[in-house]
Amino acid sequence: MRKKRNWWTFTVLPLYAFTLIFVAGPLVYMIALSFASNREGYGVIWRFTAENYKRLLDPLYLGTFAQSLKLAFSSTAAIMLLGYPFGYFMAKLSSKWKKRMMLFLTIPFWVNSLIRLYGWIIILQTKGTLNGVLLNLGLIEKPLKLLYSYPAVLTGMIYTLLPFMILSVYSSAEKLDWSLIEAARDLGANAVQTFFTITLKLTFPGLLSGMILTFIPSMGLFFIADILGGNKIVLVGSLIQDQMTRGSNWPFAAALAVVLTVLTTLIIYIYRRVTHTSELEGLY
């Protein structure tokens, strides 16, 4: 019994301590700070107020949340359409090609994301690579204004988060029992029927995981909007950064972060409910 207590003390207790100090502690502080008052100039007055949350009802900030949600849904939908087929067919490759494709997917992570995004500036700018190619092919008469626009930010989101969708779908499709697909085809089901009745249902958990891994970060990756969107695309993350640096209003920034955390938690809860339901349906 004493050995078990020692094992618990030296293995489990540090994990609880780490969680309380570095996870629960900052969350509690952020929530408390969101109800504090901002001091003129710099600092915080620890006086309870709900003004920070009332301020969020301003159409300007509601529009920022709406724009962030719009970008998150758009990027997630595009990533899903691109990443699901890629991850699915990657799982059908031979072992040798699976390793190669995995290497190609992980190579971009070896380079800092900011450097990779600046590479997109070279491609999308007025005198950039893309406009040069389109002009040489005769498809356009004058350079397109691609940089510092919504499509540019959407492209950056897709480029940054696409590997997460591919790897999530791949890990789910790799465990797929391919004999079930062959049995469905032998029983007369066509390719479309087989996909929706067998393939999609069995790879649905991986698809949902990929959607969570792309949707949640896309609402807070403000540096992508800053680099590729300029001042035209403002996300909630950009607003939080602005309030903590230029505005020096930490309580309002904390209120924004709390609302964003609640939205994120709600999305994860829905994901858990959906995956739990799909697992129960699989059992029966």
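Figure 1. Leaving aside its neighbours within four places in sequence, Leu 71 is in contact with Tyr 150, Val 153, Leu 154, Met 157 and Leu 235; contact means heavy atoms within 4.5 Å. The model is predicted: local features need pLDDT of at least 70 and side-chain atom pairs count only at pLDDT 80 or more, whereas totals for chains, interfaces and linings use all residues. Residues are numbered from 1 along each chain as its sequence is written, and side-chain values use heavy atoms, with hydrogens and water left out.

Leu 71 also belongs to the largest nonpolar core, which has 24 residues. Along with Leu 71, the residues with the most contacts inside this core are Val 153, Met 157, Ile 224, Leu 228 and Leu 235. Two or more residues of the core come from each of helix 3, helix 5, helix 7 and helix 10. Helix 7 gives the largest share, 8 residues. Another core, of 19 residues, lies apart from this one and includes Tyr 61, Met 219, Ala 253 and Ala 257. A nonpolar core is a set of buried Ala, Val, Leu, Ile, Met, Phe, Trp, Tyr and Cys residues joined through side-chain atoms within 4.5 Å. Buried means under 20% relative accessible area, exposed means over 50%, and partly exposed lies in between (1.4 Å probe, protein chains only).

**Figure 2. The whole protein.** The protein has 12 helices and 2 strands. Helices (H or I, at least four residues) and strands (E, at least two) are DSSP runs, numbered from the N terminus. Along the sequence, the order of elements is α-β-β-α-α-α-α-α-α-α-α-α-α-α. The radius of gyration of the protein is 24 Å, while a compact globule of 284 residues would have a value near 19 Å; the radius is taken over C-alpha atoms, and the globule rule is 2.2 Å times the number of residues to the power 0.38. Along the principal axes, the C-alpha atoms fill a box of roughly 80 × 70 × 35 Å.

Of the 284 residues, 35% are buried. Among contacts with a separation of 6 or more, 67% join residues 24 or more positions apart.

**Figure 3. Helix 10 and its packing.** Helix 10 covers residues 222–229, and its buried residues are Ile 224, Ala 225, Ile 227, Leu 228 and Gly 229. These buried residues pack against helix 5 (113–124), helix 7 (150–173) and helix 11 (236–245). Just after helix 10, Gly 230 has a positive phi of about 65°.

Figure 4. Leu 161 is found in helix 7. Leu 161 is buried because its relative accessible area is 3%. Apart from neighbours within four places in sequence, Leu 161 is in contact with Ile 79, Leu 213, Thr 214, Pro 217, Ser 218 and Leu 221. Gly 83 is 78 residues from Leu 161 in sequence, and their C-alpha atoms are 9.7 Å apart.

Ser 168 is also placed in helix 7. With a relative accessible area of 9%, Ser 168 is buried. Not counting residues up to four places away in sequence, Ser 168 touches Gly 206, Ser 209, Gly 210 and Leu 213.

Figure 5. Tyr 148 lies in the loop between helix 6 (129–136) and helix 7. Although Tyr 148 is not a glycine, it has a positive phi of about 60°. Tyr 148 counts as partly exposed because its relative accessibility is 40%.

**Figure 6. Thr 199 in helix 9.** Thr 199 belongs to helix 9 (residues 191–218). Its relative accessibility is 2%, so Thr 199 counts as buried. Residues touching Thr 199, not counting those up to four places away in sequence, are Tyr 84, Tyr 88, Leu 176, Ile 181 and Thr 194.

**Figure 7. Leu 56 between two helices.** Leu 56 lies in the loop between helix 2 (51–55) and helix 3 (59–91). Leu 56 counts as buried because its relative accessibility is 7%. Not counting residues up to four places away in sequence, Leu 56 touches Tyr 61, Leu 62, Phe 65, Phe 252, Ala 255, Leu 256 and Val 259. Phe 18 is 38 residues from Leu 56 along the chain, and the C-alpha atoms of the two are separated by 32 Å.
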